[in-house]
Amino acid sequence: PEPDSLPYEHMPSDPYTTSQRVRALHSLSVDKSALAVTSAHALARITLSPEKFKAEVHAIRQGASIDLEGTLAAWVGMGYQSEHMVEAPGGFSRRGGIIDVYSPAHPMPARIELFGDEVESIRFFDPATQRSIETVDEITIVPARELSFDGAVAERDAGAIVDYLPAKSILVLDQPDEVERSLVEFDEEARLVREEQEERGD
């Protein structure tokens, strides 16, 4: 899907839109035969480079030991938000030895129960009722945001969706003239937003 805002607009993205885009990036990074259908605007947006994305992906496994404080700090760096109750993708909460996290890699949030530093159990749960649905052996934690906007860090880690495609991928354009027109309009709208910000001193 397309992000909710134009480049340079200081607007938070809807967590479900970001989640769907991140899930697509994850699919493309692990499945070289994946099929992606998207719009010109969605394809043109800057996102995390494949290298940065893959470096942040990790698994939480039942029976494994984890450094809880280090793990939570890493999640914050990946764009996760500490919440009182986890209801939307990109959120996590901590209540003693129980950690809830909603990774965009999964359709449901997961509840991790610890015994000391060891992962005792992992269960998906319904965010509406907070009731457990399924016990699993492991979950995959992927970035909860597409890009950091911290100057040089953002430039270093920036990439595009096409960077995730294998070398011999087939790219099909439906109505290429319309695609080109749409991208030109998109670029012009983004330029106007940037000029308005510069005039305001943002």
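**Figure 1. Helix α6 and its buried residues.** Ser 182, Phe 186, Ala 190, Val 193 and Gln 197 are the residues to look for here, each of them buried in α6. An α-helix has 3.6 residues a turn, so residues three or four places apart point the same way. The cover over the buried residues of α6 includes helix α2 (40-44). As for length, α6 runs over residues 176-200, and its 25 residues should span 36 Å at 1.5 Å a residue; the C-alpha atoms at its ends are 36 Å apart, so the two values agree. Please keep in mind, here and in the views that follow, that this is a predicted model.

Figure 2. Most residues other than glycine have a negative phi, and most peptide bonds are trans. Is Gln 175 buried or exposed? Its relative accessibility is 52%, so Gln 175 counts as exposed.

**Figure 3. The whole protein, for orientation.** Stepping back for a moment, we find 6 helices and 10 strands in the protein. The C-alpha trace spans about 55 × 45 × 35 Å along its principal axes. Of the 202 residues, 38% are buried. If we take contacts between residues at least 6 apart in sequence, 60% of them join residues at least 24 apart. The exposed surface comes to about 12,000 Å², with 52% of it supplied by carbon and sulfur atoms. There are 19 positive and 38 negative side chains, and the centres of these two sets lie 4 Å apart.

**Figure 4. Helix α1 and the setting of His 26.** Helix α1 covers residues 15-30, and His 26 is one of its residues. The 16 residues of α1 should span 22 Å at 1.5 Å a residue, and the end C-alpha atoms are 22 Å apart, which agrees. Which residues of α1 are buried? They are Thr 17, Thr 18, Ser 19, Arg 21, Val 22, Leu 25, His 26, Leu 28 and Ser 29. Among the elements that cover them are α2, β1 (47-48), α3 (50-56) and β9. His 26 has a relative accessibility of 15%, so it counts as buried. Leaving aside neighbours within four places in sequence, His 26 is in contact with Phe 53, Val 57, Ala 105, Thr 140 and Val 142.

Figure 5. Leaving aside neighbours within four places in sequence, the contacts of Tyr 80 include Trp 75, Phe 92, Val 101 and Ile 141, along with Pro 143 and Ala 144.

**Figure 6. Ala 144 in its loop.** Ala 144 belongs to the loop between β9 (138-141) and α5 (152-157). Its relative accessibility is 13%, so Ala 144 counts as buried. What does Ala 144 contact, leaving aside its neighbours within four places in sequence? The partners are Thr 18, Met 78, Gly 79, Tyr 80, Gly 90 and Pro 104. Leu 28 lies 116 residues away from Ala 144 along the chain, and their C-alpha atoms are separated by 16 Å.

**Figure 7. Arg 111 and Gln 130.** Arg 111 is part of strand β6. With a relative accessible area of 10%, Arg 111 is buried. Not counting residues up to four places away in sequence, Arg 111 touches Arg 95, Ile 98, Ile 99, Asp 100, Ser 121, Ile 122, Arg 123, Phe 125, Gln 130 and Ser 132. Gln 130, one of these partners, lies in the loop between β7 and β8 (132-136). Gln 130 is not a glycine, yet its phi is positive, about 65 degrees. Gly 201 is 90 residues from Arg 111 along the chain, and the two C-alpha atoms are separated by 44 Å.

Methods: Residues are numbered from 1 along each chain as its sequence is written. This is a predicted model: local features need pLDDT of at least 70, side-chain atom pairs count only at pLDDT 80 or more; totals for chains, interfaces and linings use all residues. Side-chain values use heavy atoms; hydrogens and water are left out. Helices (H or I, at least four residues) and strands (E, at least two) are DSSP runs, numbered from the N terminus. Buried means under 20% relative accessible area, exposed over 50%, partly exposed in between (1.4 Å probe, protein chains only). Contact means heavy atoms within 4.5 Å. Accessible areas come from the Shrake-Rupley method with a 1.4 Å probe; for residues, only the protein chains shown count as cover. Lys and Arg count as positive and Asp and Glu as negative; His and the chain ends are not counted. The place of a charge is taken as NZ of Lys, CZ of Arg, CG of Asp or CD of Glu. The expected span of a helix is 1.5 Å times one less than its number of residues.
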